[in-house]
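Open the model in your viewer and follow the selections below in order. Each stop names what to select and then what is there.

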Amino acid sequence: MFGRKTSFNCGRRFSIDLILKGKSRFRRIDSINGDSSSSGSKGKGNPFLVPGATVATIAMLGALHARRMYSDKKIEEARESGIEPELQPDVKAKFLNMLPLRSISRFWGHLCGKELPVWVRPYAHRAWARAFHSNLEEVGLPLKEYASLKDFAIRRLKDGARPINSDPHTLMSPVDGTVLRVGELKEGVMIEQVKGFSYSVSSLLGARALLPLMASPAHEDTSCQQEKKLNSSSNKSWWRISLASPKLREEHSSPPSPMKGLFYCVIYLTPGNYHRIHSPVDWNVVVRRHFSGRLYPVNSRAIRTIKNLYVENERVVLEGRWQEGYMAMAAVGATNIGSIELFIEPGLRTNLPRKKLVQSEAPQERVYEPQVMLKKGDEVGAFNMGSTVVLVFQAPTTSPSSEFSFCVEKGDKIQMGEALGRWHQQL
């Protein structure tokens, strides 16, 4: 019996070994076949992979472009019918949040600042003018004198190309562009971005803006302290700034200032417009604030798809006083236009690399001591490309004979030096 068990066990062990050897042999054959097939596929490649991906990408971009054109056409038809577009956030607005727009704008600025060979300059500048519809007949210098695209973008114009409106009772446009919004600030002190959505003026100009608003007694005490601090450094000036009151207080006694309204105007500059910013009136600049924000585009599509567009973007704000009261001018940056030059403060640098990734950084503020006095038409700053300027100002509203009124409407084209608004002298 013992011998039978032994022979049986040996036979079973032999059969198991055969099965295992067969399986391992099949595995080796499968692995060899698999390796040969994979190596063959790597060597030959899929001839349809790259062309297919290219066609798919082109088709997707074409579909997105067609969708955008269809949407823009519908909006234009609605606008012609008197229907204003409303805020409609889309996928593009969310996608822009993920892009390093500040770095892209710095790279673009660096590229545009590269000096071009003399023989290339006329061709490059003519191509730019053709692409963005710039008027070369107004250029102040021969095209070969502009060493880079940046120099051409912020070029001066020929003498007399932009005559300044000399009427002392007019407020002129500080830039070339298209009027997007005009009006009087009412309760809430909000500026409409699109139909149904507005942003606050204090968010645009800063929480410490010198806006002539109704203040509580506690705020008036704080404002008076701020006023004394500012006035202590400007005792020789003929005027003083009141942060709580819209009145202009002179050293000598004068009749009470009439009640004045608070108005606003938003002007959009295309890349082909004249890019220098000028003073709209004679005024004294008191404060400069630099907000280091995002750099979204500011075209019509961005306006109707991105909330708080001008509040989110990087901007430079100037505040001060003129003969009718408060005056503020905000130069808003945009994609590829992060660099905002300020001629009255050449040391100011914008769109610098951030140390922090927090968007709600406090603005950099500077109080000018002494105040910067600007005459109507003086150069204030420049954009490297097109962008947006927002004016907020006081003007007379006491009687029909002296009431301020705008000379332009929403959608009008305007040039620097032309009248934005006018009022008559009170008799």
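This is a predicted model. Start by selecting Glu345 and Arg366, which form a salt bridge whose closest N and O atoms are 3.4 Å apart. The pair links distant parts of the chain: Glu345 sits in the loop between β12 and β13, Arg366 in strand β13, and 21 residues separate them. Arg366 counts as partly exposed, at 40% relative accessibility, while Glu345 is buried at 7%.

Arg288 is buried, with 6% relative accessibility.

Next, show Arg102 and Glu314, whose side chains form a salt bridge at 3.0 Å, N to O. Here the two partners are 212 residues apart: Arg102 is in helix α4 (residues 101-112), and Glu314 is in the loop between α10 (309-312) and β10 (315-322). Arg102 counts as buried at 12% relative accessibility, and Glu314 is buried at 0%. The whole structure holds 16 salt bridges.

The largest nonpolar core has 39 residues, and Ile191, Leu205, Tyr310 and Val392 have the most contacts inside it. A second, separate core contains 34 residues, among them Cys265, Val281, Phe383 and Val408. Select Leu205 and display its surroundings: beyond its neighbours within four places in sequence, Leu205 contacts residues including Leu211, Phe291, Val317, Tyr326 and Val392. The contacts of Leu205 also include Arg289 and Glu319.

Which residues does UniProt mark as "active site"? The unreviewed entry places this feature at Asp176, His278 and Ser387. They span 212 residues in sequence, yet no two of their C-alpha atoms are more than 14.4 Å apart, so they gather at one spot.

Zoom in on Asp176, in the loop between β1 and β2 (177-184). Asp176 is buried, with a relative accessible area of 4%. Its side chain makes a polar contact of 2.6 Å with that of Arg162. Setting aside residues up to four places away in sequence, Asp176 also touches Tyr268, Asn273, Ile414 and Met416, among others.

Then select His278, in strand β8 (residues 276-278). His278 is buried as well, at 5% relative accessible area.

Finish at strand β1 (residues 170-172), which runs antiparallel to strand β18 (residues 419-422) and is joined to β18 by 3 bridges. Select Thr170 in β1; its bridge partner in β18 is Arg422. Is Thr170 buried or exposed? Thr170 counts as buried, at 2% relative accessibility. The Thr170 side chain has a polar contact of 3.2 Å with the side chain of Asn165 and reaches the backbone oxygen of Asp167 at 2.8 Å.

From Arg422, look across to Ser405, whose bridge partner in β18 is Arg422. Strand β16 (residues 405-406) pairs with β18 in the antiparallel sense over 2 bridges.

Methods: Residues numbered from 1 in each chain as written. Predicted model: local features only at pLDDT ≥ 70, side-chain atom pairs only at ≥ 80, totals over all residues. Heavy atoms only, no water. Pairing = 2+ DSSP bridges. Helix = DSSP H or I, 4+ residues; strand = E, 2+ residues; numbered from the N terminus. Core = buried A, V, L, I, M, F, W, Y, C linked by side-chain atoms within 4.5 Å. Buried < 20%, exposed > 50% of the residue type's maximum accessible area, 1.4 Å probe, protein only. Contact = heavy atoms within 4.5 Å. UniProt positions renumbered as here; feature names shortened; annotations may be inferred. Polar contact = N/O pair within 3.5 Å; in protein donor to acceptor, adjacent residues only side chain to side chain. Salt bridge = Lys/Arg side-chain N within 4 Å of Asp/Glu carboxyl O.
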